[in-house]
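Welcome! Let us walk through this structure together, beginning with a single residue and then stepping back to the whole protein.

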Amino acid sequence: MLIDLRMKMELRHYHLLGFFVTLLCLQTTFAQTAVKAGYWFPDSGIAASDIDSTLFTHLFCAFANLNPTTNQLSISAECSSFTKTVQQNNPSVKTLLSIGGGSAHSSFFNTMASQPASRKTFIASSINLARSNGFLGLDLDWENQTTSGEMSNLGTLLTEWRASLNAEATNTGRQPLVLTAALAVIPRITRFNPPVTYPATVIAKTLDWVNVMAYDFYDPNVSPTTRSNAALRDPTGGVSGSSGISAWINAGVPAKQLVLGFPYYGYAWKLVNPNNNGLLAPANGADRSVGDKGTLDYNEIKEFIRQKQATVVFNSSYGTNYCYSGSTWINYDDTQTVAAKVSYAKTNGLLGYFAWNLAQDHNWALSKEALHTWCA
C-alpha cells in the first residue's frame with residue numbers, strides 16, 4: 001500500500017510538473033507573441049466548450065458571412081459566445097473572428113472590395129462585430145482570386161482596413177484589433193493564365209501575420225500517383241510547406257509574420273497495385289470506400305489504422321505520414337509530421353503554427369504534440 005501511495009504521489013507530481021511546464025511555455029510565448037492556433041466552426045463536430053483551449057494561444061471562430069447586398073457581416077450565435085466559452089478553461093487564450101472561407105463566393109468579396117463605399121461598410125461591420133463579441137482581431141479568408149484586378153482590390157481593402165483599425169483604436173483609447181489573413185501556400189499562383197500574384201508588399205505592411213495554408217497541394221481525383229497533400233518538403237521540386245514559406249519571404253513578407261498551417265485530415269488514394277504502396281505509386285483516383293469522397297479526419301484515419309491494422313510510414317525526406325492497407329493509401333499529418341513542421345517553424349524564425357480544423361484531432365494528440373514540440 002505504501003508503494004502504491006508513493007506511485008500515486010509521483011504520478012500526481014508528474015502531471016503537475018507537465019501542467020506548469022505547459023503554462024510556462026504559454027506565458028513565454030505570449031511575451032514573444034508566438035502563435036499556436038487552431039480554427040473551429042460551429043458545425044465541425046464538437047462544441048466550442050469541448051475545445052481544450054489550454055493548448056492554444058489563439059483560436060479562430062469561422063466564419064462570418066458577407067451579405068453581398070448590404071456588404072455587412074453576420075455571425076452565428078456560437079461565434080457570438082465563442083470568446084467567453086473558450087476563455088473559461090484558458091482566460092489567456094485570444095480569439096479572432098474569421099471571415100469568408102473556402103466555400104464563400106470570391107466574387108462577393110471582389111465586388112465589395114472594388115468600391116470605396118462598400119469597403120467602408122464592410123470594414124465598419126467587421127470592427128463592430130469584433131468589439132461587441134470580445135474578439136482580439138479579425139481574420140480574412142478570401143480565397144480563389146483568379147485575376148490581377150482581384151489581387152489589387154485585396155491590397156486596397158487591406159490598406160483601408162488597417163487604417164480604420166488604427167483610427168478606431170486612437171479614437172477609443174483601445175489596443176488596435178489584430179488583422180490577419182489565411183492565404184495560399186505560395187504568393188504567385190501559376191495555374192491561371194496569366195498567373196496572379198498576391199500584393200506581398202501591402203500584406204507585409206498591413207497584416208499582423210499571414211496564416212499560410214500549407215495543405216491541399218494535390219487532389220486524388222486528379223493526381224495519377226499518390227502524393228503528399230501537405231508535405232513539409234518535396235525532393236522532386238513540387239510544392240511544399242517549406243518552399244511556400246521561402247516564396248513568401250522572397251516576396252517580401254518576413255518570417256516573423258508567417259504562421260505555418262497544417263491539416264488535421266488526409267486524403268485516400270486507390271492503389272493500382274497494393275504491393276506498390278509508397279509515395280508516387282500509381283493510383284486510380286480517390287478511394288471512396290473510406291471517408292467522404294476520399295477525405296478523412298485524423299480521428300477517422302486512426303480508426304482505419306486500428307481496424308485494418310494498416311501499415312504506418314513516416315517519410316522524413318518529405319516530412320509526411322501515410323498509411324496503407326490493401327489498395328487503400330492515405331496521406332495525412334500524424335504526430336511525427338506535426339513535430340517536424342513545428343520544429344521547422346520554430347527553427348526558421350516563423351511566428352508560429354495553426355491547424356485546420358480542431359474537431360478533426362484525435363484526443364488532442366496533434367495539438368499536444370505541436371505545443372510540446374514548440375516548448376521543447
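Start at Ala-230, which is in contact (heavy atoms within 4.5 Å) with Ala-214, Tyr-215, Phe-217, Pro-263, Asn-331, Asp-333 and Lys-341, leaving aside its neighbours within four places in sequence. You will find Ala-230 in the loop between strand S9 (209-213) and helix H8 (241-251). Helices (H or I, at least four residues) and strands (E, at least two) are DSSP runs, numbered from the N terminus. Ala-230 has a relative accessible area of 2%, so it is buried, a word that means under 20% relative accessible area with a 1.4 Å probe, protein chains only.

Before going on, please note that this is a predicted model, where local features need pLDDT of at least 70, side-chain atom pairs count only at pLDDT 80 or more, and totals for chains, interfaces and linings use all residues. Residues are numbered from 1 along each chain as its sequence is written, and side-chain values use heavy atoms, with hydrogens and water left out.

Now for the wider view. The protein has 11 helices and 17 strands. Its radius of gyration, taken over C-alpha atoms, is 21 Å, close to the 21 Å from the globule rule (2.2 Å times the number of residues to the power 0.38) for 376 residues, so the protein is as compact as a globular protein of that length. Of those 376 residues, 52% count as buried.

Finally, look at Trp-161, which touches Ile-99, Phe-122, Ile-123, Ser-126, Leu-138, Leu-140 and Leu-179 when neighbours within four places in sequence are left aside.

Notes: Buried means under 20% relative accessible area, exposed over 50%, partly exposed in between (1.4 Å probe, protein chains only).
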